[in-house]
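I am opening this notebook to record what I looked up, in the order in which I looked.

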Amino acid sequence: MLADVVVPISYSPRNGQHHHHLRSYKSTPASAQARWNLLALLLLFLRDHLDCVAGGMGGAPTHVIAVPSTRGRPGPHPLQQMVGDRLGLPWLAAVPNPRYGPEARRFQRDWFSVRLPDPAGSARPLVLDDTWTTGSRAQSLAHTLKTAGATTVGVVVLGRHVNPEHAASRPLLTLIEEPVFDLTVCAVER
C-alpha cells in the first residue's frame, strides 16, 4: 500500500544551494528565484524521465497531487501553485489530519484524506514532494491514495534531504562531493 516508485531528482545536503531553494521557495516572502529554479528542474526532469516514472507506475499518471503542508498553510500547496497546469493533469487535493503536526516523522495511515474521481480504479496519481527526509508524509499519502482506490502511485521528489552532521550520511556525501549533476540520468535508470 506504499508508493510503487519513488524517484528523487537530486540529493539536498543541508548546507547546499538546492536545500536553500527548497526552503526559500515557500517561505514568507517566497523567493521567486528559488521557485523558478525548482520549477525548471522539475519540468526538465519530467520531460526526460516521466516515462521512467510511468514504467514504475504501470502506466502514465492520470492525476497529480502535492504532499500537503502540515503547517496549516492556507490555500494550494506552493508546489501546486508553482506547477499549475503545466503537466496537463488534473490536480487532486489531500487534507492533512490535524492530529499530526509538522514535527511528526512516522508513517500514519490516517495522516491525510483524499477523494478520487470516479472511477477511482483507473487513477494513477503522481505525487510531488519537495523534500524527502524520512518519507513518512509521501508514503502516508500514497497509502491514503491506494486506500481510496488508486491502482498505482508514483512519487517524484525535488530533493532527498541529507544531514551532513549525521555520521551514516558522510560516506554518501563523500561520494557526491564532486558531482557532475546529470539531469539526463534518473534514479530509476541506475
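Which elements do the buried residues of α1 pack against? Before answering I note that the model is predicted, that local features need pLDDT of at least 70 and side-chain atom pairs pLDDT 80 or more, whereas totals for chains, interfaces and linings use all residues. Residues are numbered from 1 along each chain as its sequence is written, and side-chain values use heavy atoms, with hydrogens and water left out.

Entry 1, α1. I took helices (H or I, at least four residues) and strands (E, at least two) as DSSP runs numbered from the N terminus. With buried meaning under 20% relative accessible area, exposed over 50% and partly exposed in between (1.4 Å probe, protein chains only), I listed H18, H19, H21, L22 and S24 as the buried residues of α1. I then looked up their contacts (heavy atoms within 4.5 Å), and found that they pack against β2 (11-13), α2, β6 and β7.

Between α1 (17-24) and α2 (32-57) I found P29 in the loop, and the peptide bond from T28 to P29 is cis, with omega near -5°. I set beside this the general rule that most peptide bonds are trans.

I counted strands as paired if DSSP finds at least two bridges between them. β7 runs parallel to β1, joined by 4 bridges, and there V5 stands opposite G154. With β2 the pairing is also parallel, over 3 bridges, and S12 has H161 as its bridge partner. β6 and β7 run parallel too, with 6 bridges, and V127 stands opposite V155. Of the 9 residues of β7, 8 are buried.

I recorded β6, helix α4 (residues 136-147) and β7 as a right-handed β-α-β unit; right-handed here means that, with the strands pointing away from the viewer, the path from the first strand over the helix to the second runs clockwise.

I used nonpolar core for a set of buried Ala, Val, Leu, Ile, Met, Phe, Trp, Tyr and Cys residues joined through side-chain atoms within 4.5 Å. The largest has 27 residues, and I9, L42, F45, L128, V156 and L158 have the most contacts inside it. α2 gives the most to this core, with 10 residues. Leaving aside neighbours within four places in sequence, I found L128 in contact with residues including L42, V64, W91 and V156. Apart from this core lies another, of 22 residues, among them Y100, L116 and A142.
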